[in-house]
Amino acid sequence: MTALDATQGPIAEGLLGAPQEDERGTSLWRGAFRRLRRSPSAIIGAAIVAALVLVAVLAPVLTPYQPASTEWIDQVTPSSVPGRSPGHPLGLDSFGSDMLTQLLYGARQTLVIGVVSTMIGVIGGAFLGVLAGGLGGWWDTGVMRFVDILLSIPSLLLAVSIAALLGANQWSIMIAIGAAQIPIFARLLRGSMLGQRRQDYVLAASSLGLRSRRIVMSHVLPNSLGPLIVQATLVLATATIEVAALSYLGLGQPDPAVAEWGRMLVKGQDRLQSDPRLTILPGLCMTITALGFTLFGEALREALDPKSRR
């Protein structure tokens, strides 16, 4: 080795930097998960959602009483409701049921209504969004004009109309809330798919001779689901509020003793002056639940947004 060769190694290494191992590419969802782990709002929101799920699943274990029980109805008077006692840490409600039991089982009702109504909105909106954004042409024009008609009606008014037509029961609430969200999901998916169809990988797949249906279903659609998932978490937050609104209008669960936070909130307002806890406790549960889904949804939106990546 010559002196020139001996000096070229350190010089080149200093100019080019020390050799480094090839870094593996990070997928969209893996990168989003890493950003979520560093987000305080995502952690708080996920903790609240996880607590709601645990309470809903373990409700029979956490309380020895049955929901909607009127065992202590004789202790309730027109002027007062018994407060906390050794057997009832949160007291009774106006129907003679244990308040803590009603709140725990109400979490189950809230979770079921929120998840089912959101799934109805996602499935219906995805179907319309794929027709418009995947097929294009007159399909896009016809579907979007129908979606524009639905969007011109306020979501709560649309939900009230659907619930009034179907009757007062739990399934009508879920269908009404889900149907009111279908146009939002449809427009989100359609816009996302139109953006993906302009990407280079779609052109490459077309040049290889793949059919348009396969490109849409196997490539464009999976890469367009990010905004839909974010919107689904936010719909879960608003579902609890809309359930309370429908219950207030008399379109919710017909049985007033059923453990459901919206129904409890509506029935508790009759005793707001004498027993405010009957309204405050279910309202607080609804607020915390909506806050958890909102925090997690906003953190997920920022994690999936390319402009906010660091």
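View 1. The model is predicted: local features need pLDDT of at least 70, side-chain atom pairs count only at pLDDT 80 or more, and totals for chains, interfaces and linings use all residues. Residues are numbered from 1 along each chain, and side-chain values use heavy atoms, without hydrogens or water. Residues 280–300 are 100% helix (DSSP H or I runs, at least four residues), with end C-alpha atoms 30 Å apart. Residues 146–165 are 85% helix and 0% strand. Their end C-alpha atoms lie 20 Å apart.

**View 2. The second largest cavity.** A cavity is a set of points on a 1 Å grid over the protein atoms alone where a 1.4 Å probe fits but cannot get out. Three cavities reach 30 Å³ or more. Helices H5 (99–135), H11 (226–248) and H12 (261–268) each give two or more lining residues.

**View 3. Trp 261 and the largest nonpolar core.** This core has 20 residues, buried (under 20% relative accessible area, 1.4 Å probe, protein chains only) and joined through side-chain atoms within 4.5 Å. Trp 261, Leu 52 and Leu 103 are among the members touching the most others. Contacts of Trp 261 (heavy atoms within 4.5 Å) include Gln 102, Thr 110 and Met 286, leaving out residues up to four places away in sequence.

Note on methods
On a 1 Å grid over the protein atoms alone, a cavity is a set of points where a 1.4 Å probe fits but cannot get out, and a pocket is an open set with protein on both sides within 12 Å along at least five of seven lines; lining residues have an atom within 4 Å of a point. Grid points are joined across faces, edges and corners, and a volume is the space filled by probe spheres set on the points. Buried means under 20% relative accessible area, exposed over 50%, partly exposed in between (1.4 Å probe, protein chains only).
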